[in-house]
Amino acid sequence: PDPTRATELARLGPDNTRGIWPDLSLISCWGDGFARFSLDSIGARFPGVAIQPKGLIATEAFVTLPYRGTHPLAVRSHFFEFLDTRGTSHLAHELEEWRTYSVVVTTGGGLYRYKLGDLVEVTGFLGRTPCLRFLEREGAVSDRFGEKLSEGFVGSAIRRTLDRLGLQPAFAMLAPEEENGSTRYTLFLETSEPPPERAADLMEEALRENPHYRYCVDLGQLQPAQVFH
């Protein structure tokens, strides 16, 4: 429908993001949890464009909003409660910095004490309002033989491994695989070049910080981790 624009785009090519969107000044996207892996690559593809992590927004509730480089709780949107690791409920003004909580909301739309299933960490305060960072989905645990690998732990282990390798993959995922009657966890990586040979050893080292996983490997229930490029 627009031959002139089609010709212009063909001339620019798909990697010339500044030419395609000359007025683009801000990208709002997910930036916590596993989405943190992609922030650097997005910034590299859109030089000079500000990247703004959204914070925590769910279908059921608007939990945090981006403001001055942090994500304060949206205290005027809903009524919030926060469950600590013992299941004790806390209100917003009772939260402690660097503690982890599960989010519970009561909304004007009719949800009453609805548990979102999201775990957050208090990163500080804006005045008296707590600022939160999404960590992981609650209860997302892989447990074939008692290894109890949670989403948050695995994400941290992958990030530490990639940092030690100096890699910024386009895609990374850890998943259990069964082969010839044995089970092991495989780190799937999408990178332009094959990862170093020590990648599997570093991934295994990071996973063994979980005592349950270490015990399963030492018993032979799980084989050491491997990497698939």
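**Reading the model, feature by feature**

Modeller: Let's start with a charged pair: Arg-208 forms a salt bridge with Glu-204, and their closest N and O atoms are 3.8 Å apart. A salt bridge here is a side-chain nitrogen of Lys or Arg within 4 Å of a carboxyl oxygen of Asp or Glu. Salt bridges with shared partners also join Asp-218 to these two, so that Glu-204, Arg-208 and Asp-218 make one network.

Biologist: Before we go on, what kind of model is this?

Modeller: It's a predicted model, where local features need pLDDT of at least 70 and side-chain atom pairs count only at pLDDT 80 or more, while totals for chains, interfaces and linings use all residues. Residues are numbered from 1 along each chain as its sequence is written, and side-chain values use heavy atoms, with hydrogens and water left out.

Biologist: Back to that pair, then. Is Glu-204 buried or exposed?

Modeller: The words have cut-offs: buried means under 20% relative accessible area, exposed means over 50%, and partly exposed is in between (1.4 Å probe, protein chains only). Glu-204 has 9%, so it counts as buried. Arg-208, at 25%, is partly exposed.

Biologist: How many salt bridges are there by this rule?

Modeller: The count comes to 12. One of them joins the side chains of Arg-160 and Glu-209, at 3.1 Å from N to O. Arg-160 sits in helix α4 and Glu-209 in the loop between α5 and α6, so this pair ties together parts 49 residues apart in sequence. Those element names come from DSSP runs, numbered from the N terminus: helices are H or I with at least four residues, strands are E with at least two.

Biologist: Which partner does Glu-205 have in a salt bridge?

Modeller: That's Arg-164, with 3.1 Å between the closest N and O atoms.

Biologist: Okay, now the inside. How do I find a nonpolar core?

Modeller: Look for buried Ala, Val, Leu, Ile, Met, Phe, Trp, Tyr and Cys residues joined through side-chain atoms within 4.5 Å. The largest such core here has 19 residues, and those with the most contacts inside it are Leu-149, Ile-158, Leu-174, Met-203, Leu-207 and Tyr-213. Two or more residues each come from α4 (151–165), β10 (171–179), β11 (182–190), α5 (199–207) and α6 (211–219). The largest share, 5 residues, is from α4.

Biologist: Which residues is Ile-158 in contact with, leaving aside neighbours within four places in sequence?

Modeller: Contact means heavy atoms within 4.5 Å. For Ile-158 the partners are Phe-34, Phe-37, Ala-172, Leu-174, Leu-187 and Met-203. There's also a second, separate core of 17 residues, including Leu-56, Ala-58, Val-103 and Val-120.

Biologist: How do I tell the two sides of a helix apart?

Modeller: An α-helix has 3.6 residues a turn, so residues three or four places apart point the same way. In α6 the buried residues are Tyr-213, Cys-216 and Val-217. They cover an arc of only 95 degrees (taken from the directions from the helix axis to the C-beta atoms), which puts them on the same side of α6. On the other side, Tyr-215 and Asp-218 are exposed. The buried residues of α6 pack against β9 (149–150), β11, α5 and β12 (223–228).

Biologist: And which helix is hardly covered?

Modeller: That's α1 (residues 3–12), where 1 of the 10 residues is buried. Just after α1, Gly-13 takes a positive phi of about 85 degrees.

Biologist: What should I make of a positive phi?

Modeller: Most residues other than glycine have a negative phi. Arg-113 isn't a glycine, yet its phi is positive, about 50 degrees. Arg-113 is in the loop between β5 (100–106) and β6 (114–126), and at 44% it's partly exposed. Asn-180 is another non-glycine with a positive phi, about 55 degrees. Asn-180 lies in the loop between β10 and β11 and is exposed, at 76%.
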